Amino acid sequence: MLNIVLVEPEIPQNTGNIARTCAATRSRLHLVKPLGFDISERAVRRAGLDYWHMVDLHVYDSLDHFFAINPRPDLWLATTKAPRDYTRAQYREGCWLMFGKETAGLPEDLRERWQDRCVRIPMRPDARSLNLANSVAVLTYEALRQQGFPELSGVGEMAQER
């Protein structure tokens with residue numbers, strides 16, 4: 001199972017879209033506080049997130065708490081500052097994809113500590129970054145592609161005999 005980690009996400013719509021990607025791909029969603037929004041059952045219901053029950057959600061009080069619970073994750077960090085593009089990484093079963101908050105990305109000390117595990121999505125030099133939800137989708141599907149799309153349907157209804 002793939003693990004998606006959002007460090008201090010700020011925009012609820014992004015996290016909602018990412019949660020939907022996690023639900024559709026059977027990926028776990030890990031949120032590291034502080035969060036820029038409410039994820040109580042009432043708030044989720046009010047937002048109309050009818051797939052939220054399909055999300056395997058884990059919430060941590062801080063990065064220290066995250067690493068205390070998950071001491072040696074097979075971790076890949078998404079950052080526009082990485083020298084290596086995301087297609088050059090090998091994403092194994094159970095790996096972790098970590099993304100920073102929308103306004104600042106991942107903390108510098110974390111990027112330095114995991115420098116050999118930082119990846120980026122190629123884009124034109126004068127573009128700041130992709131939307132967080134889009135970035136998560138790109139890396140999630142690359143990791144799942146490399147793993148052969150485990151437990152996901154590989155055939156659409158148009159492939160059925162008529």
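**Close-up 1. C22 and its closest cysteine partner, C95.** In this predicted model, the sulfur of C22 lies 12 Å from the closest cysteine sulfur, which belongs to C95. A disulfide calls for cysteine sulfur atoms within 2.5 Å. The C22 sulfur is therefore too far away for a bond. The structure as a whole holds 0 disulfides.

Close-up 2. Are C22 and C95 buried or exposed? C22 has 1% relative accessibility, so C22 counts as buried. C95 has 0% relative accessibility, so C95 counts as buried too. The cut-off for buried is under 20% relative accessible area.

**Close-up 3. Helix α1 alongside helix α5.** Two packed helices are described by the angle between their axes and the distance between the axes. Helix α1 covers residues 12-25, and helix α5 covers residues 132-146. Their axes come within 8 Å and cross at roughly 15 degrees. Angles under 35 degrees count as roughly parallel. The two helices, α1 and α5, are therefore roughly parallel to each other. Their crossing is right-handed.

**Close-up 4. Residues at the α1 and α5 contact.** Which residues make the contact? Helix α1 supplies N14, N17, I18, T21 and T25. Helix α5 supplies L132, A133, V136, T140, Y141 and L144. By type, the contact residues divide into 6 nonpolar and 5 polar. No charged residue takes part in this contact of α1 with α5.

Technical notes:
Residues numbered from 1 in each chain as written. Predicted model: local features only at pLDDT ≥ 70, side-chain atom pairs only at ≥ 80, totals over all residues. Heavy atoms only, no water. Buried < 20%, exposed > 50% of the residue type's maximum accessible area, 1.4 Å probe, protein only. Axes fitted to C-alpha atoms, helices over the stretch in contact; angles between N-to-C directions. Helix = DSSP H or I, 4+ residues; strand = E, 2+ residues; numbered from the N terminus. Parallel < 35°, antiparallel > 145°, perpendicular 65-115°, else oblique. Left-handed = near helix turned anticlockwise from the far one by under 90°. Contact = heavy atoms within 4.5 Å. Nonpolar A, V, L, I, M, F, W, Y, C, P; charged D, E, K, R; others polar.
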